[in-house]
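Please take me through this model stop by stop. At each stop, tell me what to select and what is there.

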Amino acid sequence: MDSPQDSPPQDPPSQDPSRGAPAVVEEAPREPILTLPFALTAYILLLAVIHLRVLLPPEIENWTIDVFGFIPKRYDSSLLNLQIPGGAGAKVWTFVTYSLLHANLTHLGFNVLWLLPFGSALARRFGAIRFFLFLAVTAAAGALAHLVTHEHAVAPMIGASASVSGAMAAAIRFAFVRGSFLSFSRSDADTAARVPALPLSRALRDGRVLGFLGVWFGVNIIFGVGAIGIDSETTSVAWQAHIGGFFAGLLLFALFDPVPRVRSDAADASSQDISDGI
């Protein structure tokens with residue numbers, strides 16, 4: 001509450017002539033600048049807690065990465081004498097658990113930074129159960145893409161980048177629709193996350209979506225093929241896993257989306273932003 005000396009002088013309230021009582025004007029509630037849905041907050045906290053493993057002794061840290069990281073060599077049936085911690089069970093759970101591990105704070109920070117806008121919108125739209133299941137499916141798709149392209153690799157792959165890429169791909173199905181979070185006529189956070197999504201065929205004809213796709217693929221190719229790491233300790237980026245997660249998010253979005261579809265012609269109209277009238 002403001003102190004009396006800091007408050008500007010106010011005019012007396014206007015009188016309602018019909019009742020003789022002061023008319024009260026209520027101010028619209030203000031929305032916080034950044035609010036995170038529960039599902040995304042819980043996911044980020046989970047990643048942060050798991051990252052505390054770096055405080056463990058080196059031998060336990062290495063064992064954790066071997067057991068829960070994704071190692072393509074684990075699936076090479078010709079290497080009968082190769083002993084990799086985790087056994088047969090690790091061939092199943094590491095398709096998802098690798099995405100919960102990160103190499104360092106920079107690696108974790110980059111993924112969380114991209115999740116804030118795209119993951120927040122998706123978590124609001126999907127709800128917690130669908131959101132967590134979606135992250136698991138896109139993580140598995142990223143692991144599969146990495147396995148196909150690195151079938152003999154021994155180095156473990158870790159990081160949530162495939163799931164983050166999947167969330168970004170899914171979000172662009174509705175991000176530019178009028179009223180959504182990347183449109184010029186943005187609504188409040190909950191409404192912006194629940195606008196009807198564009199059909200995939202329509203989204204792939206939208207210039208803004210195509211521009212986003214071009215930038216996203218360009219950045220991944222530069223960082224991946226060029227082996228430009230996000231810090232001095234990073235020697236390579238598993239860009240194939242990013243692309244696998246991205247395509248999974250783009251193509252499987254409709255299976256998770258609870259918001260009803262709209263007709264293609266209606267989607268064309270709804271995707272026109274306020275900028276068209278400027």
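Keep in mind that the model is predicted.

**Stop 1: the main core**

Select Leu122, Phe131, Ile172, Phe174, Phe181 and Phe212. These residues have the most contacts inside the largest nonpolar core, which has 43 residues. Now colour the helices around them. Two or more core residues come from each of H1 (38-51), H4 (105-126), H5 (128-149), H6 (161-171), H9 (207-225) and H10 (239-256). H4 gives the largest share, eight residues.

**Stop 2: Ile172**

**Stop 3**

**Stop 3: a nonpolar patch**

Switch to a surface view. Select Val49, Leu52, Val54 and Leu55. Together they make a nonpolar surface patch of about 400 Å². Zoom in on Leu52, in the loop between H1 and helix H2 (58-68). Is Leu52 buried or exposed? Its relative accessibility is 51%, so Leu52 counts as exposed; the cut-off for that class is over 50%.

**Stop 4: the salt bridges**

Begin with Arg53 and Glu61. Their side chains meet in a salt bridge, at 2.9 Å from N to O. Both Arg53 and Glu61 are buried.

Move on to Arg125 and Asp257. Here the closest N and O atoms of the salt bridge are 2.7 Å apart. Arg125 lies in H4, whereas Asp257 lies in the loop between H10 and helix H11 (264-270). The pair therefore ties together parts that are 132 residues apart in sequence. Check the burial of each partner. Arg125 has 0% relative accessibility and counts as buried. Asp257, at 10%, counts as buried too.

Finish with Asp206 and Arg208. Their side chains form a salt bridge, with N to O at 3.2 Å. Arg208 is partly exposed, with a relative accessible area of 30%.

Terms used
Residues numbered from 1 in each chain as written. Predicted model: local features only at pLDDT ≥ 70, side-chain atom pairs only at ≥ 80, totals over all residues. Heavy atoms only, no water. Core = buried A, V, L, I, M, F, W, Y, C linked by side-chain atoms within 4.5 Å. Buried < 20%, exposed > 50% of the residue type's maximum accessible area, 1.4 Å probe, protein only. Helix = DSSP H or I, 4+ residues; strand = E, 2+ residues; numbered from the N terminus. Patch = residues over 30% accessible without salt bridge, like charges linked within 9 Å, V, L, I, M, F, W, Y side chains within 5 Å. Areas by Shrake-Rupley, 256 points an atom, 1.4 Å probe, with all protein chains shown as cover. Salt bridge = Lys/Arg side-chain N within 4 Å of Asp/Glu carboxyl O.
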